[in-house]
2 protein chains.
Amino acid sequence: MYAIGELSQRTGVKVPTIRFYEDKGLLPHPARTAGNQRRYDEAALSRLLFIRHTRDLGLPLADVEALLTLEGTTGEDLNRAHDIAERQLTDIRHRIERLKRLEAELERISKACDGQHDHVCAVLHAFGDHDTCEGSH
Amino acid sequence: MYAIGELSQRTGVKVPTIRFYEDKGLLPHPARTAGNQRRYDEAALSRLLFIRHTRDLGLPLADVEALLTLEGTTGEDLNRAHDIAERQLTDIRHRIERLKRLEAELERISKACDGQHDHVCAVLHAFGDHDTCEGSH
DNA sequence: GTAATTCCTCTAGCCGCTAGAGGTTCAAGG
DNA sequence: CCTTGAACCTCTAGCGGCTAGAGGAATTAC
């Protein structure tokens, strides 16, 4: 049985965020001391680690919640978990693609300034100039 | 001189967002008709395109504002524009790295379910399991 | 002239936290 | 046992970057 601060340290989730998750219903209401302070057990710890991990993976809280309710179910329902993973994977691949295009463009912009910037630096122009960048966004 | 709706169409920035930018001071107050409707000129158009482009690049509005105030300056100050580009570039590269790690992990998770999910699907376990994923996040 | 569309302002809401105020409880040291 | 100081409590408000809706006025097309 540990206090919220210790749970925070063990999971890397900040104290106010833990309380926030409780408010949202992602974490069950924990036991309380006589003085109204929260006390957590191992189950809470692993549940919070699960939340943290899925959040790190980029899942919105709604998806995290969906996964949490899937715990203990069997068969058909579990396809939903698979769906969430697939959906997330597609999403992440899109994001990577997009970021790579932006990277290329920022390189172009950054180089535009190397050397001459006496009167009118090309960087500012480059920031505003969408035409000269390859691809679309 | 066009209305806000046309400016929106030409730039791809939604109408409420344009007004939001005006509130934030990123766009100057435009001219108004006798009936109090906004009318924009070419200068507003190009400024809004600049904003849109930099936002697409992932810059926060504060950076966009900083760049906008750099317009027309010379010499030293322009290094700041270059700095913003560099900083953003570094940031994007980090994000790409991170996303690639997540992609690998989601692939692992997704595959964990292919085939057997009769009793306890491995996907849920995989979502909660940080230990088996390579790298850190 | 009238009807449909666009515009106006204003408030509130979204996500996922984060910060602060003002007060209470706990654990350790003397 | 008593004091101190850290950690806890609840509550409200704020962040970024919009987005949605209410209720009403202006414009445009026919």
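Modeller: Start at DNA strand D. There are 22 residues around it, and A:Ala3, A:Gly5, A:Arg38, B:Gly35 and B:Pro60 come nearest. A residue is near a strand if its C-beta atom, placed from the backbone, lies within 6 Å of it. This is a predicted model, in which local features need pLDDT of at least 70, side-chain atom pairs count only at pLDDT 80 or more, and totals for chains, interfaces and linings use all residues. Residues are numbered from 1 along each chain as its sequence is written, while chains are lettered from A and ligands numbered from 1 in the order in which they are written.

Helix H1 (4-11) and H2 of chain A each supply at least two residues, as do H2 and helix H4 (61-70) of chain B. Helices here are DSSP runs of H or I with at least four residues, strands are E runs of at least two, and both are numbered from the N terminus. By class, this surface has nine nonpolar, eight polar and five charged residues. Ala, Val, Leu, Ile, Met, Phe, Trp, Tyr, Cys and Pro count as nonpolar; Asp, Glu, Lys and Arg count as charged; the others, Gly among them, count as polar.

Take H4(B) from that list. Its buried residues are B:Asp63, B:Val64 and B:Leu67. Buried means 20 or more other C-beta atoms within 10 Å of the residue's own, exposed means 12 or fewer, and partly exposed is in between, with C-beta atoms placed from the backbone. Seen down the axis of H4(B), these residues fall within an arc of 105 degrees, so they line one face of the helix. The arc is that of the directions from the helix axis to the C-beta atoms. On the other side of H4(B), B:Ala62 and B:Thr69 are exposed.

H2 of chain B is also on the list. B:Phe20 sits in this helix. B:Phe20 is partly exposed, with 14 other C-beta atoms within 10 Å. The C-alpha atoms of B:Phe20 and B:Leu70 are separated by 21 Å, and the two residues are 50 apart along the chain.

Now DNA strand C. It is surrounded by 22 residues, the closest being A:Gly35, A:Pro60, B:Ala3, B:Gly5 and B:Arg38. Two or more residues come from each of H2 (15-24) and H4 (61-70) of chain A, and H1 (4-11) and H2 (15-24) of chain B. The classes here are nine nonpolar, eight polar and five charged residues.

The largest nonpolar core has 26 residues; A:Ile18, A:Leu48, A:Leu67, A:Ala81, B:Leu106, B:Ile109 and B:Phe127 have the most contacts inside it. Such a core is a set of buried Ala, Val, Leu, Ile, Met, Phe, Trp, Tyr and Cys residues joined through C-beta atoms within 7 Å. H2, H3 (42-56), H4 and H5 (78-113) of chain A give two or more residues to this core, as do H5 (78-113) and H6 (122-128) of chain B. H5(A) gives the most, with five residues. Leaving out residues up to four places away in sequence, A:Leu67 touches A:Thr54, A:Ala81, A:Ile84, B:Leu124 and B:Phe127. Contact means that two C-beta atoms, placed from the backbone, lie within 7 Å. Apart from this core lies another, of 25 residues, including A:Leu106, B:Val13, B:Tyr21 and B:Phe50.
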